[in-house]
Amino acid sequence: PAEIVARVLRTNPTVQAASSQVRVEEANRNRLEAGHYEWNVRLGSQQRRSRPPGTGDERFTEWNAALERPLRLPGKAALDAELGAAGIALAEVAHGDALHEASRTLLKTWFVWLRESTSASQWTAQVELLNKQTSAVQRRQQLGDAARLEIIQSEAALAQAEAQLAQARIRQRNAAEDLRRRFPGLPLAAPETIAEPAAITGSETEWLTLILQENHELGMARHAAQLAQVSASRSRQDRLPDPTVGVHVSTERGGEDRIVGAYISIPLPGTARSASADAALAQASSANYREVAIRQKVEAEAVALYNSASAARSAWQASQHAAERLTRAADMSGRAYQLGEGSLNELITARRLANEAELNARLLQLEALELGYLLRIDTHTLWDLD
């Protein structure tokens with residue numbers, strides 16, 4: 001259920017880290033809007049020693065004070081605000097990407113557990129079947145109707161199935177533990193029945209368009225390119241330094257002279273400012289190319305997912321048909337063996353092939369379901385938590 005998934009995913013540490021990063025960028029926006037334009041106070045004191053002709057030394061205590069502040073030139077404040085907003089937008093998309101990736105991980109881990117549970121269930125059924133077969137062969141031997149070799153063959157087949165079941169149960173426990181550790185609070189209740197995979201409706205172009213609209217990785221690349229572009233514009237503005245203006249007061253000759261004035265300080269720009277602007281412009285160009293590369297990657301992955309999901313149902317249906325035929329052949333071999341018309345070796349081989357085919361069909365069914373759900377997650381038609 002979506003409400004359970006939402007509760008589990010929102011407490012995921014990766015998602016919470018991304019949420020915290022949004023708050024970081026909000027604080028960073030406030031910092032950029034305020035700027036580093038702070039009032040600065042200067043205080044000084046000095047001793048003046050004067051020696052006029054014909055008189056002794058004169059000593060005076062003097063002091064001075066100044067209040068100054070850098071001024072942000074026009075246009076820079078708007079770019080700083082835009083830079084802060086772009087950082088928040090990027091962090092919000094990254095938060096959505098964390099939710100999306102956590103959803104994909106949950107889906108993948110869940111289906112790993114389902115596959116291992118299915119495998120354990122299938123091998124349990126096979127062990128029960130071979131147990132009955134071994135008991136039947138033992139009875140036939142007691143009646144003198146089966147050779148000692150058949151007992152050995154039947155017990156060997158049973159032992160192999162038991163070994164496979166033991167390994168399947170270990171994998172099932174590991175998959176369940178992995179799911180519990182990764183997503184605490186997620187109830188683990190194996191479904192009683194597995195639904196039939198639904199056919200994928202819609203064209204490749206339609207699905208590709210939806211995926212590109214909702215893809216967070218592409219959205220992050222797009223916002224990163226926008227952020228780099230704004231940063232480059234801001235660096236170009238910094239080629240012209242901000243001036244500092246101030247007022248100062250001072251006293252000289254022990255208070256006999258009082259001075260009040262104003263001043264302006266302008267840094268002389270050097271090559272470092274031009275180099276920083278050039279570097280920011282190159283970073284913006286690099287971010288644009290990364291966006292194009294990520295778009296190509298997303299398109300390729302989306303088309304591959306659509307093709308796999310579309311073909312998975314047919315593959316499952318074919319494997320299910322094969323499993324039904326092989327199971328029927330195994331049943332016929334069992335009846336033939338009971339009537340003394342077939343060998344035990346043929347029956348064991350038929351049982352093994354039928355078991356493998358049925359297990360393969362069940363796994364392909366789960367794979368088709370997983371691919372269909374993954375396609376829906378990527379288009380935000382399943383677990384849309386943004």
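This is a predicted model: local features need pLDDT of at least 70, side-chain atom pairs count only at pLDDT 80 or more; totals for chains, interfaces and linings use all residues.
Colleague: At what angle do helix 1 and helix 3 pack, and how far apart are their axes?

Modeller: Helix 1 (residues 2-10) and helix 3 (residues 76-142) pack at about 115°, with axes 10 Å apart. Axes are lines fitted to C-alpha atoms, for helices over the stretch in contact, and angles run from 0 to 180 degrees between N-to-C directions. Helices are DSSP runs of H or I with at least four residues, strands are runs of E with at least two, and both are numbered from the N terminus.

Colleague: Which residues of helix 1 and helix 3 meet?

Modeller: Contact means heavy atoms within 4.5 Å. Val5, Leu9 and Arg10 in helix 1 meet Leu99, Ala102, Ser103 and Leu106 in helix 3. These divide into five nonpolar, one polar and one charged. Ala, Val, Leu, Ile, Met, Phe, Trp, Tyr, Cys and Pro count as nonpolar, Asp, Glu, Lys and Arg as charged, and the others, Gly among them, as polar.

Colleague: Which residues of helix 1 are called buried?

Modeller: Buried means under 20% relative accessible area, exposed over 50%, and partly exposed in between (1.4 Å probe, protein chains only). Val5, Ala6, Val8 and Leu9 are the buried residues of helix 1. Their cover includes helix 2 (13-34) and helix 3.

Colleague: Which residues touch the most other members of the largest nonpolar core?

Modeller: A nonpolar core is a set of buried Ala, Val, Leu, Ile, Met, Phe, Trp, Tyr and Cys residues joined through side-chain atoms within 4.5 Å. The largest has 39 residues, and Leu9, Leu106, Phe183 and Leu375 touch the most other members. Helix 3 gives the most to this core, eight residues.

Colleague: Why is one side of strand 1 and of strand 4 left without a neighbour in the sheet?

Modeller: Two strands pair if DSSP finds at least two bridges between them. The open sheet has four strands in the order 1-2-3-4, paired antiparallel. Strand 1 (40-50) and strand 4 stand at its edges with a single partner strand each, so one side of each has no neighbour in the sheet.

Conventions
Residues are numbered from 1 along each chain as its sequence is written. Side-chain values use heavy atoms; hydrogens and water are left out.
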